[in-house]
Amino acid sequence: MLKKDKKAPGFSVIVIGGGHAGCEAALASARIGFDTALITISRADIARMPCNPAIGGLAKGQLVREVDALGGEMGLCIDEAGIQFRMLNRAKGPAVWSPRAQADKKVYHRRMLKALREEKNLTLIEGEATAVAVRNGKVEGVAIAGGEGIGGKKVILALGTFPNGIMHIGEKQIPGGREGEPPSCLLSDQLAGLGIERRRLKTGTPPRLEKSTLDYSRCQIQPGDDDPVPFSFRTRRLQPDQVPCYITWTNGRTHEIIAANIDRAPLFTGQIKGTGPRYCPSIEDKVVRFRSRERHQLFLEPESRESEEIYVNGLATSLPADVQERILRTIPGLEEARIVRYGYAIEYDFFPPHQIHRSLESRKIEGLYFAGQVNGTSGYEEAAAQGIVAGINACLSIRKEPPIFLDRHQAYIGVLLDDLVTKEIDEPYRMFTSRAEHRLLLRQDNADERLMKYAVRYRLLGKELWEEMICRRRRVERARRRLAAETVPADRCKGILKEILPEKGAQPRLATKLLQIPGVDLEEVESVLKDGPLGLGEREREMLRIRIKYEGYIRRQKKMADKMLRMDKIKIPSDFSFEIEALSAEAREKLQIFKPENLGQASRISGVRASDLSILMIFLERRNKQEQG
């Protein structure tokens, strides 16, 4: 067992697992000021990217910016390690714009490891955690294979896909949490012995190809953005030497080979028992489920500047190695490709999150927190979001302060955690913009305005960033007031609108109303202002555009959020009994399982009807009256 500097018999917070959840949890705890241990099998695998070499994407990019606004490390890491940056969904409204970057996975690992090593309150321990020490329903520490037990006031489990992990390549089964690393069986079995329910999920990864054996002339190039946007609010400017990605497609011949070998696919033979991701299925699952599709898109993504490996995004598979070889021969550009590593599926234990509070603390064991894929989620970004929340809340619990609770209208992180404790997780959970009913309020550009106050409060970020954000917001508000107060003369309006509204353009308009017309940009409005341009930076100009153009929609979503918040404020005591005869049988069953903390959460549980909510309200009011009088 190796340690960073000294032997440490006990810690305030112990984090098990060095993936994206574990790194953010450990850094948050240490930065708040508590002595923290991060236990990992190997430092060489810290923040490893076993699946796609990318950070961000639809809705996931918003999560990364929120983690950054809370003082997390993921945004800074990808800004340094990124080799291609793109803002997705630019053709749509700003509510769904999402940053995404291809990562040099080797640089990303080194950057995160450096942050961990330099954190003064953090000790890295190499070893396998085999058990959580529990006494009288409260966590006391962790046992490590071949070493002494380590005492801890709080323990955060960020085990990824390691609990009883099994990799599948055709009929071949290999125990492991991911390629080249052993599974965590003893700890998973011990947790089950403590009465924590566990189930099985499945995910997969595609083959990796040798770059020099691909024919990119037969593929479609996908370049990065000319003016890339950083993930971190602390990164002033990005100037990377960007690397292109490429697109190709499967075809009828590909699908014929897959269909002819479906009896050798572990997913369909019954060899894999766990449920796979609906929104990122294996190629064999796509061919079976979408028989009418003539082709499926594949993205060829470099894994590192230091490596020849190419990740084939969209070709996840657990088919046998010989079938994987034959599949590639049918795909344009990949006919001569050499496989460096075969694709595989991995099946693993997770612990259904109806067993945790929204703080991520276990309902069964005090001081034990779950973060990342152990809660049934998929993706580095969802894991990092849970990790930083678990790290913050473990520290707040030690201080005997209330946990941080982000509501659904405050953050995608709030949507994620609320979904975990109110929804049945029967497949790997993935974040989408469609899951956020207030997504216009939760844009990627305003995460600092929404969440940075918490980072400053818990000393995860300095006040200077907060003050800088406040000054920027004030400049935008002054510019908005100026536009709202100035009327643009009819002749100038006509000049701007002659091609957009030729018949109605010749009338004076408020500058704000002029900007709200589709097709009119801020630069055009500034050109006709009597006192000239507004003097804003590019980010401030973007903030102003969004605020004015979507003013009505934003106001409407705020009203909806306020209505929902009123239900969330009606608390349900932890000892409240849902054995109420007037409730429907399904509602009683679901409410007992999920144990909602407030009426809003109860309303979002599948099977709880409006009539059930009315009955709950009556019984909660009756209990309040009894307690008061």
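The legends below describe several close-up views of one predicted protein model.

Residues are numbered from 1 along each chain as its sequence is written, and side-chain values use heavy atoms, with hydrogens and water left out. In this predicted model, local features need pLDDT of at least 70 and side-chain atom pairs count only at pLDDT 80 or more, whereas totals for chains, interfaces and linings use all residues.

Figure 1. Helices (H or I, at least four residues) and strands (E, at least two) are DSSP runs, numbered from the N terminus. The C-alpha trace spans about 80 × 80 × 55 Å along its principal axes. Of the 629 residues, 58% are buried. Buried means under 20% relative accessible area, exposed over 50%, and partly exposed in between (1.4 Å probe, protein chains only). Among contacts with a separation of 6 or more, 73% are between residues 24 or more positions apart; contact means heavy atoms within 4.5 Å.

**Figure 2. Strands E4, E6 and E5 form an open antiparallel sheet in that order.** Strand E4 (54-56) and strand E5 (82-88) stand at the edges with a single partner strand each, so one side of each has no neighbour in the sheet. The twist averages 15 degrees from one strand to the next. Angles run from 0 to 180 degrees between N-to-C directions, and axes are lines fitted to C-alpha atoms, for helices over the stretch in contact. E4 pairs with strand E6 (residues 98-103) in the antiparallel sense over three bridges; two strands count as paired if DSSP finds at least two bridges between them. Within this pair, Ile 55 stands opposite Ala 101 in E6. Helix H2 (residues 60-69) packs on the sheet, where it touches E4 and E6, and its direction makes about 80 degrees with that of E4.

**Figure 3. Helix H3 (residues 74-81) is mostly covered.** Seven of the eight residues of H3 are buried, namely Met 74, Gly 75, Leu 76, Cys 77, Ile 78, Asp 79 and Ala 81. Cys 77 has 0% relative accessibility and therefore counts as buried. A search of the whole structure finds zero disulfides, a disulfide being a pair of cysteine sulfur atoms within 2.5 Å. For Cys 77, the nearest cysteine sulfur is that of Cys 23, 8.1 Å away. Elsewhere in the chain, Cys 185 has a relative accessible area of 28% and is partly exposed.

**Figure 4. Strand E11 (residues 166-169) pairs with strand E12 (residues 172-175) and with strand E20 (residues 344-350).** E11 and E12 are antiparallel and share four bridges, with Gln 173 in E12 as the bridge partner of His 168. The hairpin of these two strands has two residues between them, and Gly 170 in the hairpin takes a positive phi near 60 degrees. E11 also runs antiparallel to E20, to which three bridges join it. Here His 168 stands opposite Ala 345.

**Figure 5. Six strands form an open antiparallel sheet in the order E15-E16-E17-E18-E14-E19.** The edge strands, E15 and strand E19 (339-341), each pair on one side only. Neighbouring strands of this sheet are turned by 35 degrees against each other on average, direction ignored. Strand E14 (residues 208-210) runs antiparallel to strand E18 (residues 309-313), and three bridges join them.

**Figure 6. Strand E16 (residues 245-249) is largely enclosed by the rest of the structure, because four of its five residues are buried.** Strand E15 (residues 220-222) pairs with E16 in the antiparallel sense over three bridges, and four bridges join E16 to the antiparallel strand E17 (residues 297-302). Ile 247 is the bridge partner of Gln 220, and Phe 299 in E17 is the bridge partner of Ile 247.

**Figure 7. Thr 248 lies in strand E16.** At 1% relative accessibility, Thr 248 counts as buried. The side chain of Thr 248 reaches the backbone oxygen of Pro 332 at 2.8 Å. Leaving aside neighbours within four places in sequence, Thr 248 is in contact with residues including Cys 219, His 296, Leu 298, Ile 331 and Leu 334.

Key
A polar contact is a pair of N or O atoms within 3.5 Å; within protein, one must be able to donate a hydrogen and the other to accept it, and residues adjacent in sequence count only if both atoms are side-chain atoms.
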